[in-house]
Amino acid sequence: MIGQYNDLLESDIFPKEKLENYFLLHFQLFEEKLPLISMFMKEQMNPINEQILQKFNYYNDLADKTTLALLNEVYGKRIEPFQYDILIFLKGVMKGYSEFIIFHRQPYDFIHLSSTLIEKLDILVEHTKKTFVTEQLWQCKPRIQAYSVTASEVQEEVTRWKETYKEHPIIEDTLTLIQDEFELTNPRLALLKGMMSNIKQENNLQWLALLIKQYTTQLS
C-alpha cells in the first residue's frame, strides 16, 4: 500500500487528481483485503512482539510522511500552520468510512466516495483558523528503536515469489539477480535500483520493491 502511495506521489498528474487517486487506492485495497482484515479482527490477538511493533511504527511513519507530502502538494503553504491537524482529521475520516464499509456490506462507488472526501477536505482547509498539533507536538512521539530492512528479509521475499514467476523469464531473471546481489558483502545500489524498477509494476512484487527501496535508502 505504501509502495503504491509513493508511486502515486511521484506520478506526473495534477495534484488534486493524485489526492482523489489516493482515496480511491485506499478503499479499493481495503475492499480487496477485507476478508483477511475481518478474519484478523475475529481472532484473539497474541501479544505484539517488539519487532512487529517496530515495523508498525516504521511503516506508519512512512505513510504519514507520504500523506503529508501529498497534502502539501495539493494545498501548498496555506496548510503549513495546521498540516498535522489536517493529517489527523484525514486519517480519522478514512478510518471511520472503513469501519462503515465493514459493518454495512454492499457494493460501493469508491470514485464517488473519493470526490466526496475531497469536497470535505477542501472545506476544512478553506475554513480552518486554529491549530492544535504544532510541529513541536508532532515530533514529541515516543522514541522506539528504528526498524531497519535487512538483506535476509529481502532474500526471503525473493524466495517467496521465485516459484510463482518460473514461467516469466524476465521477472525470474530479475529475482535471481536481486538474490545474487544480496549475497554480496556490498550490494551495488545502482543495480538494485534498476532491478526495483523492473519489478515494481507487478502487484505481487510491490512489497519486495519497497523493501529494496528502503534498504538502498539506508545505505545511501
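This is a predicted model: local features need pLDDT of at least 70, side-chain atom pairs count only at pLDDT 80 or more; totals for chains, interfaces and linings use all residues.
Let us start with a salt bridge: the side chains of Asp 64 and Lys 91 meet at 3.0 Å, N to O. Lys 91, with a relative accessible area of 36%, is partly exposed.

How many salt bridges does the count come to? The count is 9. I will describe two others. In one of them, the side chains of Asp 122 and Lys 16 meet at 3.1 Å, N to O. This pair links distant parts of the chain, since Asp 122 sits in helix H6 and Lys 16 in helix H2, 106 residues apart. Asp 122 is partly exposed at 26% relative accessibility, and Lys 16 is partly exposed at 36%.

The other joins the side chains of Arg 188 and Glu 181, at 2.8 Å from N to O. Is Glu 181 buried or exposed? Its relative accessible area is 2%, and because buried means under 20%, Glu 181 is buried. Arg 188, by contrast, is exposed, with a relative accessible area of 51%.

I turn now to the nonpolar interior. In soluble globular proteins, nonpolar side chains tend to be buried together. In this model the largest nonpolar core has 28 residues. Those with the most contacts inside the core are Leu 19, Tyr 22, Phe 23, Leu 71, Tyr 75, Leu 90 and Leu 121. Which elements give two or more residues to this core? They are helix H1 (2-9), helix H2 (15-32), helix H4 (50-75), helix H5 (83-103) and helix H6 (110-127). Helix H2 gives the most, with 8 residues.

Apart from its neighbours within four places in sequence, Leu 19 is in contact with Leu 70, Leu 71, Val 74, Tyr 75, Ile 118 and Leu 121. There is also a second, separate core of 24 residues, which includes Tyr 165, Leu 192, Met 196 and Ile 212.

Next, consider helix H8, residues 151-162. At 1.5 Å a residue, its 12 residues should span 16 Å, and the C-alpha atoms at its ends are 17 Å apart, which agrees. The buried residues of H8 are Ala 151, Glu 153, Val 154, Glu 157, Val 158 and Trp 161. Where do they lie around the helix? Viewed down the axis of H8, these buried residues fall within an arc of 165°, so they line one face. An α-helix has 3.6 residues a turn, so residues three or four places apart point the same way. On the other side of H8, Glu 156 and Arg 160 are exposed.

Finally, I would draw your attention to Gln 214, which is found in helix H11, residues 206-219. Gln 214 is buried, its relative accessible area being 9%. Which residues does Gln 214 touch, if those up to four places away in sequence are not counted? The residues are Tyr 58, Leu 62 and Val 149.

To close, two points may be kept in mind.

Definitions and conventions:
Residues are numbered from 1 along each chain as its sequence is written. Side-chain values use heavy atoms; hydrogens and water are left out. Helices (H or I, at least four residues) and strands (E, at least two) are DSSP runs, numbered from the N terminus. Buried means under 20% relative accessible area, exposed over 50%, partly exposed in between (1.4 Å probe, protein chains only). Contact means heavy atoms within 4.5 Å. A nonpolar core is a set of buried Ala, Val, Leu, Ile, Met, Phe, Trp, Tyr and Cys residues joined through side-chain atoms within 4.5 Å. The expected span of a helix is 1.5 Å times one less than its number of residues. The arc is that of the directions from the helix axis to the C-beta atoms. A salt bridge is a side-chain nitrogen of Lys or Arg within 4 Å of a carboxyl oxygen of Asp or Glu.
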